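Let me jot down what I look up as I go.

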Amino acid sequence: MTTTGASGTYHQFLSDENAPKWRGMFTDAIHRVAREVQPSLLVDQDAVRFVEELLYKILAILCAMKPRTVQDVEDYVTRTFDPQVGRWANKEAREGMDSYVASKQRGRGSHGHSKPLNMPVDRVHPPLCRDVLGYRTMEPTVTCYMLGIVEYMGADILKLAGNYVRNSRQAAVISSEAVRVAMNADKVLLDFFDQDPQPLRIEEKWTDRAHMSYDELVKDVLADEAQYTRDLALIIKVFQKFLEDCCDAVAKDEKQEIIDDIFENVQAVENMATQLLGSIEDMLEMFGESGDSEESSKVPLIGACFEEPALDWEFSVYESYAEGYRTAQDRLEEFLARPEVATYVKNSANTVCTNFKEAVYYVLPKLLLEPILHCFQYFDLTQYFFKTSPDVGDRTCFSEAHTALIALKSNMDKLCRDILPKPGHEQVIGYRRRGPRASIEQLNELQRSIEPWDDTDIAAMCSEILHEGDLNVHRGKGFGKTSTERHIFVLDSLLIFCKANAGRKIEFRLKEKFNVRRMELNDLEDCEEYRNAFEVVENQKRLILVAKTENDKREWMALLTGLTTKGTFDRLLDSAIRDEQRRIPLRLPDPVVYKFAEEDVEGVNIMFEEGATSSTGVPLVKGGTLHKLVERLTYHRFADPGFVRIFLTTYRSFCDPPKFLSLLVERFRIPDPPTTKEEEEVFMAGGKSRPWMKRFRTEYVQPVQLRIMNVLRHWVEHHLYDFDADMSATLREFLKELHGKQRMRKWSESVERLLERGGMSVQQPHVFDVDPAPLEYHIAREPGDLNIYTTHPIEIARQLTLIESEMYRAVRPSELVGSKWTSEDKETLSPNVLRFIRHSTNITSWVNCTIVESENLEERRVAAQRFIDIMATLMELNNFNGMIEILSALNSSAVHRLDHTFMELPRRLEQAKASANELAANHMKKYKEKLKAINPPCVPFMGDYLTQILFIEQGLKDMIPNSECINFSKRRKVAEVTGEIQQYQNQPYNLIIEPVIQAFLLSQDPLKCVDGDSHILATKLHKASLEIEPRQQPPAKFPRNPAIKDSWLRDKPRISSRGPSRPTPKPSISGSSSSDIRRLSTLTTASSSNDDRDQPPPVQRNERPPLTPTSLQQPAPVLPPKTSSGPTLPPRPGQSGGGVPPPASRPKDSSSPLPSGDAAGPPVLPSRDYCRKVPQLPPKTHR
């Protein structure tokens, strides 16, 4: 499908007919390009789709001219694109094509020294040639060249959109709206896509720094410093380079003197600004992904970033700059006034970009003033940060920094008394914003003050008011009156000409309106008719504007030139940076000396997941050698917090901790790259700096070492158990070596503090907005009287939930990786997992024994109904592990067959049982859906996670076949499971701990009497089940147990609604108090019923023999082989797989049977949310 446009017939790549073939083909390439041009920003899916649509439009334009050769495409781009953009696009496309050809000649994965294209050339070429161009054959290089042009334009769009996002202080995500706004602000892109500016606005809240919070200040300063360093780089890499070329027209002996006088201290200021920005970015990276340590916070504390350079007097470069500022301005003005220089600028400036001549004369002087203005911001910033910082130590840092800067401020005030702009002119200092942007209310107020205004709202087109003032509009001789005064408003997208409405309600009357993005600006020389004039042109509209003084003209020209050329300046700077990187390539150490500098060889030492990236756009590592994985862990090009988390969670399965620590130390000690003999001789003779060494240190050494410290910090903070005495001593010795390095000192001290403190800080008790629900009691409150009949089912469910929540939250990821709970050293490697497994097995066995060993039918019915009631409450509490424990017992072969026991279930309990079975059916599909939909707190079913990890561990190999690469994809899958476990470990329950009931629950250990053999217990219970309810016969009649009182069965549990039933203890959420713990440890030895003489004493959790779960009537899930010595959780209901052999006979030495008695009927409880606070009633005495 094609459409016809002004320039020809365009193929519709994304029409309904073609979209299935082309949609998404550029997605991965767009993510990779975005990571290259904006590594600190993410791109959402809507923005990717929109950019992809734009790229297909560009490809359609290139295909419309039916190219046959690369030269056809290059000529078309040169002829139709913006001159500068076309030149850069052709250059990038040519280099990408050369890299593509080299890779075909040398083999896949080798690109020589040229940067390879991100676009899928081999995938696009066949359908492009056949379906779009209609050729039978075409050289792939033509497709490659066109995709090179497309990729350059995509990078240009993403670069501008990212700059907008950073400057607007929004979230670090490029959205489709940000792309549209950035395109609206760029004349080149508007002209290229032949579209008018769209009425778009992203809502932004701008406020003065004096009223910002600490985190808002950090974000604002970070964005401002990033733009400030780009402005300094623009002075050095674009304007200084141009003036050095101008110096070729001047005597050679004057060349260096002129450049030094103008740009003498700009480089020093640029170094200082870059270092400060790097320190802030380092702090963001180090603390942005922190866990629960005391030093972590929502926004990193950046006081040290200002304190250290202030105390070291590094800000004094601004004083030196201010001392030479007047000389620099005078020398620049004198230099540009020379006839030979003026001729060169006039003839050569526009070859750089449109209006570059005006930029040299008007924007450059304002840019040279910017460091002075920026320095004065620091004096106020330290005070703002001191007032808003949430940390005492951070405030101390800012106080020290402010005190150290007082002398500098005094000197700067004296030096710059005549330099600083007058009040009201702070915003007109170039093309950069100074001061807060206009709010929507201010823009609407401006619109209401102008009549007639019947067009699009100003707030929909613009975001800031830059300046307003009066200029004369020159009409020429033929108009009688030669000039008319107009009041002009300069906005970021509009130039509004108004006439004052004297004596009227509305202040201004609209006369003219210019779109800044469509406007041309021309500087005019003085003549007889006018002086200090310039011209603005949009389509057929042309106005000559006359300023009152020469200085006023400079102010207006600086502002308007900056507005019309801002996008071009960004491209010029990016092009200069790329040229410098090509001229000075990044050198790495010799791989023989430094193994981490070994080149990536796909399939040999590293592998990536095909077409897969992380949430931050980083390629997913499939596998690699140990050195390559450590290299990626501390990669110099970008940080990958997800990779760090996965590596630290799973590395023990392929590397022991001492080896890993030695690799990090080896990685940190980076040797210098090799140099040639000639380079060394030149350096030693002339003492000149080596530019490649500077790039090596800033782009390789510093990022790698910073990320090593970040890994160490996370390792100590979250996995301190890896550090025994020898490991700790080795780490401390290494950290002491870093105290002398200024950039590393604060990070090494941070790791040392964590090591001394013991990793993560002790978690403070969670503070809830409401009080917990009161304790619910039924009949018994004393340890010897507690059993399933006398204890309130709601409180049993609550206390069981608190027990299991603490057990679940205690499980560490390191206990799960490698299925350590099934290994020989499981007691040491997975103590918390084993404790949880054994507890779950005990609860399931307890439910089984309590029901089956209740011989009397009515007693058995009451017991079964109480357990179903407990299960229903567990579901309401989101304790799915407890729910599965009871459901596993109810569905076991010994209990499930007891039809008479469940014959008279109340409808509410029947529904609760059916709901639980529905959650567990079909491989627990409904349970998993519900788990994703609920909000914590909850206790997920641990057995499901353990099964997933077992399947991964047993189904995937540790090493990738036919390679020496560690299978990191396997570790990532395990880490995904452990990450989901950790997701539900943060939120505790708002419930009161009852130590007596918890002791009763923890004392249940039916497997004790069968030496921990669940198979023997299941066999005995199955035989007992057949005796109490024979097959196809009425249930056997057994006498009531005299130890069970009638009131235990007759009285129904009630919920207290007003007043505490006993003195309510203080809520203990994250754990019980020390007195509770002592009481609990004493009570766990008590019996759980009146007949406590038959109850076996509890045993230590870690002394029990290996267990297997009580089986269900449904087949159990596939679990580890029988040879595995580790215990397992209760099986998941509804799973397929092997079952337990049929039980044989009932044992005569059954352990601790419950007493019997007459039943009065099942308890009935209202269905409600038991976590919420319940009004209390006075306690009712049960007799």
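These are my notes, from the whole chain down to single residues.

**Entry 1: the overall picture**

I am working with a predicted model, so I keep that in mind throughout. I began with the secondary structure and found 41 helices and 15 strands in the chain. Next I looked up burial: of the 1183 residues, 55% count as buried. I then turned to contacts with a separation of 6 or more, and residues 24 or more positions apart account for 74% of them. For the surface, I noted an accessible area of about 52700 Å² for the chain. Carbon and sulfur atoms hold 49% of that area.

**Entry 2: a charged patch**

Which residues gather in a patch of negative charge on the surface? I wrote down Glu-468, Asp-470, Glu-485 and Glu-507. I followed up on Glu-468 and placed it in strand S6, which covers residues 465-474. Is Glu-468 buried or partly exposed? Its relative accessibility is 43%, so I list Glu-468 as partly exposed, given that the class runs between the 20% limit for buried and the 50% limit for exposed.

**Entry 3: cis peptide bonds**

One of my finds runs from Glu-451 to Pro-452, with omega near -10°. I located Pro-452 in the loop between strand S5 (450-451) and helix H20 (458-461).

Another cis bond joins two prolines, Pro-936 and Pro-937, and here omega is about 15°. Where is Pro-937 found? I traced Pro-937 to the loop between helix H35 (907-933) and helix H36 (942-955).

**Entry 4: positive phi**

Trp-313 came up: not a glycine, yet with a positive phi of about 60°. I found Trp-313 in the loop between helix H13 (303-311) and helix H14 (317-323). Its relative accessibility is 37%, so Trp-313 goes down as partly exposed.

I also noted Gln-1032, another residue other than glycine, whose phi is positive and near 55°. Gln-1032 has its place in the loop between helix H39 (1014-1028) and helix H40 (1046-1050). Why do I call Gln-1032 exposed? The reason is its relative accessible area of 86%, since anything over 50% counts as exposed.

Technical notes
Residues numbered from 1 in each chain as written. Predicted model: local features only at pLDDT ≥ 70, side-chain atom pairs only at ≥ 80, totals over all residues. Heavy atoms only, no water. Helix = DSSP H or I, 4+ residues; strand = E, 2+ residues; numbered from the N terminus. Buried < 20%, exposed > 50% of the residue type's maximum accessible area, 1.4 Å probe, protein only. Contact = heavy atoms within 4.5 Å. Areas by Shrake-Rupley, 256 points an atom, 1.4 Å probe, with all protein chains shown as cover. Patch = residues over 30% accessible without salt bridge, like charges linked within 9 Å, V, L, I, M, F, W, Y side chains within 5 Å. Salt bridge = Lys/Arg side-chain N within 4 Å of Asp/Glu carboxyl O. Lys, Arg positive; Asp, Glu negative; His and termini not counted. Charge placed at Lys NZ, Arg CZ, Asp CG, Glu CD.
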